[in-house]
Amino acid sequence: MAVGAVQLYDQVLAKLLYDAEDQWDSTATFKFGLILTGYTHSDTHTLWSDVSAQVCVDGDYNEKLVTSRAVTDSGNPIYCTSAAADFGTNVTISARYLVCVQTASSVAGTVAGTDKLIWYQDLNTGGGNLSSVTSVFKVNQPTNGWFSLGQ
């Protein structure tokens, strides 16, 4: 199984760089979600409603808050990091993509159709959903963070 690189949606750079209330390391609320293999990515997708038809429906699944967010500026590039996307240690879940959304609600498991897509990551570039069966479903960020900004 190969994991793909995190891919930013088109709208994100402007929001994370210029809108103070939307910045990665501010008081904004972000959540991790899981999407099934039937999702077809488009850079122009902007809202949760663009992916919600393919959201994981497993009983052990709900969206999780993105915690411990930080921006590490040690030159070029700047890294955006957080805690892992941890969906549980004894869960049965299948999904193909990890997505990050900015949401108005600070309650885990609550995502609205108007919440903004930030990025997605293909968890299995070889195709198909990944599954956990009464075990851990956790996605660790890449070595230097979920994504970086640089020249």
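Student: What is a nonpolar core?

Tutor: A nonpolar core is a set of buried Ala, Val, Leu, Ile, Met, Phe, Trp, Tyr and Cys residues joined through side-chain atoms within 4.5 Å. The model shown here is predicted, and the largest nonpolar core in this model has 36 residues.

Student: Which residues have the most contacts inside this core?

Tutor: They are L34, W48, F87, L98, W119 and F137.

Student: With which residues is F137 in contact, leaving aside its neighbours within four places in sequence?

Tutor: F137 is then in contact with residues from several parts of the sequence, including L34, A85, F87, V91, I93, L123 and L130. Two of these, L34 and F87, are themselves listed with F137 as having the most contacts inside the core.

Student: What share of the whole protein counts as buried?

Tutor: Of its 151 residues, 40% count as buried. The accessible surface comes to about 7,300 Å², and carbon and sulfur atoms account for 48% of that area.

Student: In what order do the strands of the open sheet stand?

Tutor: The order is 1-9-8-2-3, five strands in all, with antiparallel pairing. Strand 1 (7-8) and strand 3 (64-65) stand at the edges; each has a single partner strand, so one side of each is left without a neighbour in the sheet.

Student: How many bridges join strand 1 and strand 9?

Tutor: Strand 1 pairs with strand 9 (residues 116-122) over two bridges, in the antiparallel sense. Q7, for instance, has Y120 in strand 9 as its bridge partner.

Student: What part of the contacts with a separation of 6 or more comes from residues 24 or more positions apart?

Tutor: Such residues account for 75% of those contacts.

Student: Where does R69 lie?

Tutor: R69 lies in the loop between strand 3 and strand 4 (70-73). A polar atom of the R69 side chain is 2.6 Å from the backbone oxygen of A28. R69 and C80 are eleven residues apart along the chain, and their C-alpha atoms are separated by 7.3 Å.

Note on methods. Residues are numbered from 1 along each chain as its sequence is written. This is a predicted model: local features need pLDDT of at least 70, side-chain atom pairs count only at pLDDT 80 or more; totals for chains, interfaces and linings use all residues. Side-chain values use heavy atoms; hydrogens and water are left out. Two strands pair if DSSP finds at least two bridges between them. Helices (H or I, at least four residues) and strands (E, at least two) are DSSP runs, numbered from the N terminus. Buried means under 20% relative accessible area, exposed over 50%, partly exposed in between (1.4 Å probe, protein chains only). Contact means heavy atoms within 4.5 Å. Accessible areas come from the Shrake-Rupley method with a 1.4 Å probe; for residues, only the protein chains shown count as cover. A polar contact is a pair of N or O atoms within 3.5 Å; within protein, one must be able to donate a hydrogen and the other to accept it, and residues adjacent in sequence count only if both atoms are side-chain atoms.
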